[in-house]
Amino acid sequence: MKTKSITRLGILLAVALVLGYFENLIPLNASIPGVKLGLSNIVLLYAIYLIDAKCAFILMILKVMLSGMLFSGVSGAIYSFAGGLLSLIMMLVIKRLPDVSIVGVSVVGAVFHNVGQISIASFVVENRYIFFYLPVLLISAVITGLATGIIAKYALKGLPD
Amino acid sequence: MKKRDKVIILSVIVIALLSFVGYRVFEKQASETNYVVIYVNGEVYKTVSLSEPQTVVVENNGHHNEIEITEEGVKMLTSSCDNQNCVMQGEATLENYETRILGGWIVCLPNQVSIELVKGDSNEN
């Protein structure tokens with residue numbers, strides 16, 4: 001790995017962590033349990049579009065581990081990892097389709113992040129009834145995915161690759 | 001936004017609506033009375049009728065939850081979990097369970113305790 005790549009990865013990781021911390025300050029989670037903005041997905045979108053898939057995976061894993069240690073604890077990290085992995089795989093798949101922009105990829109990422117998390121939740125509490133909550137999570141993923149996708153679209157325009 | 005972006009967004013909304021309708025259709029058959037079911041580790045731990053108000057204490061793998069059942073509904077009084085989401089989910093009552101975002105549910109994921117308020121037929125009009 002070149003020094004430039006290491007430096008870039010470090011900066012992106014720091015940005016992802018700060019965005020993750022920042023969105024914890026917005027108490028969306030209190031009114032709609034399990035819902036957050038997903039601002040740090042902007043960093044993953046940057047990695048997917050302007051670097052490569054391998055770098056995006058490294059970033060996702062490090063981000064989950066570090067924010068687990070700093071904020072959310074082990075149980076939180078398991079949820080984030082399930083959501084993050086499924087979301088990243090699906091974003092990479094959808095990005096390969098023609099006629100899809102970064103906004104669509106972002107929405108898919110948000111949707112599958114929530115699908116991954118609710119799957120783990122239903123596995124943990126061993127209660128399939130928890131899937132009744134899926135519609136709420138899907139609709140909120142469309143809204144947050146659109147928001148972060150549009151932010152990412154303009155952020156990428158202003159950033160060098 | 002490109003054309004397929006809109007297709008993606010629309011299909012997610014359609015799936016969400018379908019699963020919402022599906023859940024309503026396959027909803028559990030309500031009994032005559034109003035009751036609360038407490039699940040621990042995915043199994044029914046206790047079923048309490050709203051006509052017997054009480055506080056239920058759940059001890060599970062070192063986790064501690066106190067659940068208050070009143071004639072109106074149910075809430076998580078205290079929980080030993082670190083995120084306290086279950087306590088913040090507030091009270092599920094017969095009045096608010098239709099409009100409450102979690103319906104009749106209160107879920108504490110870290111402690112693997114979930115509570116469901118089931119409304120009976122007898123007081124529907």
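User: What makes E4(B) and strand E5 (residues 73-79) of chain B paired strands?

Analyst: Count the bridges. Two strands pair if DSSP finds at least two bridges between them. E4(B) and E5(B) are joined by 5 bridges. They therefore meet the definition of a pair. The two run antiparallel. Glu66(B) stands opposite Thr78(B) in E5(B). A hairpin with 3 residues between its strands is formed by E4(B) and E5(B).

User: How far can I trust the model?

Analyst: This is a predicted model, in which local features need pLDDT of at least 70, side-chain atom pairs count only at pLDDT 80 or more, and totals for chains, interfaces and linings use all residues. Residues are numbered from 1 along each chain as its sequence is written, while chains are lettered from A and ligands numbered from 1 in the order in which they are written.

User: Why is strand E6 (92-93) of chain B called a strand?

Analyst: Strands are DSSP runs of E with at least two residues, and helices are runs of H or I with at least four, numbered from the N terminus. E6(B) covers 92-93, so it qualifies as a strand. E5(B) and E6(B) pair in the antiparallel sense over 2 bridges. In this pairing, Gly73(B) stands opposite Thr93(B).

User: How is E3(B) joined to E4(B)?

Analyst: Strand E3 (residues 54-60) of chain B and strand E4 (residues 63-69) of chain B share 7 bridges and run antiparallel. Glu59(B) faces His64(B) in E4(B). Their hairpin has 2 residues between the strands, and Asn61(B) there takes a positive phi near 50°.

User: Which strands are at the edges of that sheet, and why are they called edges?

Analyst: The open sheet has 4 strands in the order E3-E4-E5-E6 (chain B), with antiparallel pairing. E3 and E6 stand at its edges, each with a single partner strand, so one side of each has no neighbour in the sheet.

User: What is the order of the open sheet that contains E1 and E2 of chain B?

Analyst: The order is E2-E1-E8-E7 (chain B), with 4 strands and antiparallel pairing. Strand E2 (43-49) and strand E7 (105-108) of chain B are its edge strands, and each pairs on one side only. Strand E1 (residues 35-40) of chain B has 6 bridges to E2(B). Tyr39(B) stands opposite Val44(B) in E2(B). In the hairpin of E1(B) and E2(B), with 2 residues between the strands, Asn41(B) takes a positive phi near 50°.

User: What makes a residue of chain B count as touching chain A?

Analyst: Two residues are in contact if their C-beta atoms, placed from the backbone, lie within 7 Å. 29 residues of chain B are in contact with 28 residues of chain A. H1(B) gives the most to the side of chain B that touches chain A, with 12 residues.

User: Where are the domains of chain B?

Analyst: Domain 1 is 1-29 and domain 2 is 31-118 (bounds from an automatic or database domain assignment). Their centres, taken over C-alpha atoms, are separated by 28 Å.
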